[in-house]
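Please keep the sequence and the 3D view at hand while reading.

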Amino acid sequence: MIEQIRLPFPGKSLPDQDEDILLTSLIFLRARDDIPQARVGVGCVARNRVNNVSSWWGQGYRKVITNLLDFYRISEQEKNLVMNPIKNNVNDKWDECYLIATKIIDNTIPDNTYNSDYFFLTSDKKFNPSLISSWYVCTHGNIRFYRIELVE
């Protein structure tokens, strides 16, 4: 069976898109040029936050992902890129990210981050690994994954 790839709806802002488009956008914006395991890992972080019993990150994919997009400071240029992947000639990468996102939401891809709830690009100049090195879990490609235990 061939899966239908969905694109962002042109009349909606990024935060108002459906959950599968939001998750695709997060994966696309943070890991589209990285290895598949990194793309899966970014999606798993969102799912891990959704599945966390704490309401720390919000309830459901929409709230969790919009908070992640804010936390990782998605620029207007990046938002414009994701809103029209065909026009920006990145639709093949969008398609890959969309297929991963739908499998993350359907729980058909296992968590390759060992229940991590944060990720940072190794190239991020603002990231100081010494601040959270005790929470390091694993690295996939150019993305490091971390698990921070929340206390309520």
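Helix α2, residues 36-51, lies across β1, β2 and β3 and runs at about 25° to β3. Angles here are taken between N-to-C directions on a scale from 0 to 180 degrees, with axes fitted as lines to C-alpha atoms, for helices over the stretch in contact, and contact means heavy atoms within 4.5 Å. Helices (H or I, at least four residues) and strands (E, at least two) are DSSP runs numbered from the N terminus.

The model is predicted, so that local features need pLDDT of at least 70 and side-chain atom pairs count only at pLDDT 80 or more, while totals for chains, interfaces and linings use all residues. Residues are numbered from 1 along each chain as its sequence is written, and side-chain values use heavy atoms, with hydrogens and water left out.

**Overall layout and sheet**

The protein chain has six helices and three strands, and from the N terminus on its elements run α-α-α-α-α-β-α-β-β. Among contacts in the protein chain with a separation of 6 or more, 70% are between residues 24 or more positions apart.

The three strands form an open sheet in the order β1-β3-β2, with antiparallel pairing, where two strands pair if DSSP finds at least two bridges between them. Because β1 and β2 (136-140) stand at the edges with a single partner strand each, one side of each is left without a neighbour in the sheet. From one strand to the next, the twist averages 25°. Four bridges join β1 and β3 in the antiparallel sense, and the bridge partner of F120 in β3 is R144.

**Aromatic pairs**

A search of the whole structure finds 10 aromatic pairs. Rings of Phe, Tyr and Trp (its six-membered ring) pair if their centres lie within 6.5 Å, and planes under 30 degrees apart count as stacked, over 60 as edge-to-face and the rest as tilted. Two of these pairs are set out here.

| Pair | Centre distance | Plane angle | Class |
|---|---|---|---|
| F71 and Y118 | 5.7 Å | 65° | edge-to-face |
| F120 and Y146 | 5.8 Å | 70° | edge-to-face |

How accessible are the two partners? F71 counts as partly exposed at 40% relative accessibility, whereas Y118 counts as buried at 14%; buried means under 20% relative accessible area, exposed over 50% and partly exposed in between (1.4 Å probe, protein chains only).

F120 lies in strand β1 and Y146 in strand β3 (residues 143-146), so their pair ties together parts that are 26 residues apart in sequence. Both F120 and Y146 are buried. One aromatic cluster is formed by F71, Y72, Y118, F119, F120, Y136, F145 and Y146.

Charged side chains also lie over rings: R49 is over the face of Y118, at 4.5 Å from the ring centre, and K12 is over the face of F9, at 5.9 Å from the ring centre. A charge is counted as sitting over a ring if NZ of Lys or CZ of Arg is within 6 Å of the ring centre and within 35 degrees of the ring normal.

In soluble globular proteins, nonpolar side chains tend to be buried together. Of the 152 residues of the protein chain, 45% count as buried. A nonpolar core is a set of buried Ala, Val, Leu, Ile, Met, Phe, Trp, Tyr and Cys residues joined through side-chain atoms within 4.5 Å. The largest such core has 41 residues, of which L23, L26, F28, I65, L69, I104 and F119 touch the most other members. Two or more residues each come from α1 (19-31), α2, α3, α4 (76-83), α5 (91-105), β1 and β3, and the largest share, eight residues, comes from α1. Leaving aside neighbours within four places in sequence, I65 is in contact with E19, L22, L23, L26 and A46.

**Single residues**

Q17 lies in the segment before α1 and is buried, with a relative accessible area of 1%. Not counting residues up to four places away in sequence, Q17 touches P8, F9, K12, L22, R62 and M83.

N89, in the loop between α4 and α5, has a phi near 60°, a positive value in a residue other than glycine, and counts as exposed at 62% relative accessibility. Y114, in the loop between α5 and β1, has a positive phi of about 55° although it is not a glycine, and Y114 counts as exposed at 61% relative accessibility.
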